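Visitor: I would like to learn how to read packing features in a model. Please take me through some cases.

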Amino acid sequence: MSKLLIVGTVAFDAIETPFGKTDKILGGAATYISLSASQFGVESGIVSVIGGDFPKEYLQKLNERNINTEGIEIVEDGKTFFWKGKYHNDLNSRDTLITDLNVLADFNPVVPEKFMQPDFLMLGNLHPSVQMAVINQIPERPKLVVLDTMNFWMDNTWNELMEVIAKIDVITINDEEARQLSGEYSLVKAAQKIYEMGPKYVVIKKGEHGALLFHKDQVFFAPALPLEEVFDPTGAGDTFAGGFIGHMAKTEDISFENMKRGVIAGSNLASFCVEKFGTERMENLTHDEIQERLLQFKLLTQFEIELG
């Protein structure tokens, strides 16, 4: 079985949408990625940091899904990273109300011995210097290194981000971030510019409008499943990334053809994530539900046409 190492935040979120609001609940990029990847039965481990205020039962939830938490440092006298946000009525835009870095501010990641040679590495959205510190600790390059990042790091840590991007295979970002990173409005031109920075594959997430996968002159588009209700978009992008890397780790096939299936797998799981607040839907997801919705994705995109 492949080993998957996930780097990212394990955090508290407080979320407000037009449908309600929560107090502090489980969140963080690494949390969503690992819960999503766990659906594929891969052996995964997280590198992150939490404070002494983080409930032990949250760690147990992860352990029950074969997610190793030895690499999560616990700073007993510190507080866990906290984010609070409010979504607008369209759910596509939001305001960040609070960002408390807390223990994340001084985080020096340590990869546990058990995951020192992972087959697959997922660098979740985090400071590029932390991502690079993990890359530098791994003695042998994994089969596939995937990076997720955001415009905040482009604005504030450009040089460090460029160093990390030069060392990865796949980058997953949204359309706004792809345009900022490349300086190009056309997503095709944006992908071409981003190749020159290092990645062989570029995945551009377009939220409710699906996702694009680029490799050289090849392009694949995966639609998003039309949903009756979107309750909370928090973590959907990380869930997508977890589904993508989880599929790749399970199949151990890093071809472009299989990455297409990985994009569908990620889109499929992200469609569940938005149905409830926080991680609730991902914690209670069943294999049958995943398979049933995967069939819906297949029917959504499958057609026959005569070429004359």
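**Helix packing, rings and loops**

Guide: Helices α3 and α5 cross in the left-handed sense. Bear in mind that this is a predicted model.

Visitor: How is a pair of packed helices described?

Guide: The description of two packed helices uses the angle between their axes and the distance between those axes. Here, α3 (residues 128–137) and α5 pack at about 30°, and their axes are 8 Å apart.

Visitor: Which residues of α3 and α5 meet?

Guide: From α3 there are Pro128, Gln131, Met132 and Ile135, and they meet Glu160, Leu161, Glu163 and Val164 of α5.

Visitor: What lies in the loop between α4 and α5?

Guide: Thr157 is located there, between α4 (151–156) and α5 (158–165). Its relative accessible area is 6%, so Thr157 is buried. Setting aside residues up to four places away in sequence, Thr157 touches His127 and Pro128. Pro128 is also one of the α3 residues that meet α5.

Visitor: At what angle do α1 and α8 pack?

Guide: The angle between α1 (residues 29–37) and α8 is about 40°, with the axes 7 Å apart. Angles under 35 degrees would count as roughly parallel, so α1 is oblique to α8. The crossing of α1 past α8 is right-handed. On the α1 side the contact involves Ala29, Tyr32, Ile33, Ser36 and Ala37, and on the α8 side Asp238, Thr239, Gly242, Gly243 and Gly246.

Visitor: How do α8 and α9 pack?

Guide: Helix α9 covers residues 256–273, and α8 packs with α9 at about 140°, with 7 Å between the axes. Roughly antiparallel would need an angle over 145 degrees, so α8 is oblique to α9. The crossing of α8 and α9 is right-handed. Contacts on α8 include Thr239 and Gly243, two residues that also meet α1. On the α9 side, the contact residues include Gly262, Gly266 and Cys273.

Visitor: Where does Thr234 lie, and is Thr234 buried or exposed?

Guide: Thr234 belongs to the loop between β15 and α8. With a relative accessible area of 5%, Thr234 is buried. Apart from neighbours within four places in sequence, Thr234 contacts Asp13, Ile15, Tyr32, Trp83, Tyr87 and Cys273. Tyr32 is 202 residues away from Thr234 in sequence, yet their C-alpha atoms are 9.4 Å apart in space.

Visitor: How many aromatic pairs are found in the whole structure?

Guide: The search finds five. One of them is Phe19 with Phe231, a stacked pair with 5.5 Å from centre to centre and 20° between the planes. Phe19 is in the loop between β2 (11–17) and β3 (20–21), while Phe231 is in the loop between β15 (218–222) and α8 (236–251), so the pair ties together parts 212 residues apart in sequence.

Visitor: Why is the pair of Phe54 and Tyr58 edge-to-face?

Guide: The planes of Phe54 and Tyr58 stand at 70°, with the ring centres 5.4 Å apart, so the pair counts as edge-to-face. Planes over 60 degrees apart fall in that class. Phe54 is buried at 3% relative accessibility, and Tyr58 is buried at 16%. Together with Phe12, Phe54 and Tyr58 form one aromatic cluster.

Visitor: Which charged residues lie over rings?

Guide: Lys3 lies over the face of Phe115, 5.6 Å from the ring centre. Arg293 has its charged end over the ring of Phe272, at 3.9 Å from the centre.

Visitor: What should I look for in the backbone?

Guide: Asn102 is not a glycine, yet its phi is positive, about 50°. Asn102 sits in the loop between β9 (94–100) and β10 (120–123), and at 32% relative accessibility Asn102 is partly exposed. Glu252 is not a glycine either, and has a positive phi of about 55°. Glu252 lies in the loop between α8 and α9, and is partly exposed at 41%.

Notes: Residues are numbered from 1 along each chain as its sequence is written. This is a predicted model: local features need pLDDT of at least 70, side-chain atom pairs count only at pLDDT 80 or more; totals for chains, interfaces and linings use all residues. Side-chain values use heavy atoms; hydrogens and water are left out. Rings of Phe, Tyr and Trp (its six-membered ring) pair if their centres lie within 6.5 Å; planes under 30 degrees apart count as stacked, over 60 as edge-to-face and the rest as tilted. Helices (H or I, at least four residues) and strands (E, at least two) are DSSP runs, numbered from the N terminus. Buried means under 20% relative accessible area, exposed over 50%, partly exposed in between (1.4 Å probe, protein chains only). A charge sits over a ring if NZ of Lys or CZ of Arg is within 6 Å of the ring centre and within 35 degrees of the ring normal. Axes are lines fitted to C-alpha atoms, for helices over the stretch in contact, and angles run from 0 to 180 degrees between N-to-C directions. Angles under 35 degrees count as roughly parallel, over 145 as roughly antiparallel, 65 to 115 as roughly perpendicular and the rest as oblique. A crossing is left-handed if the near helix is turned anticlockwise from the far one by less than a right angle, and right-handed if clockwise. Contact means heavy atoms within 4.5 Å.
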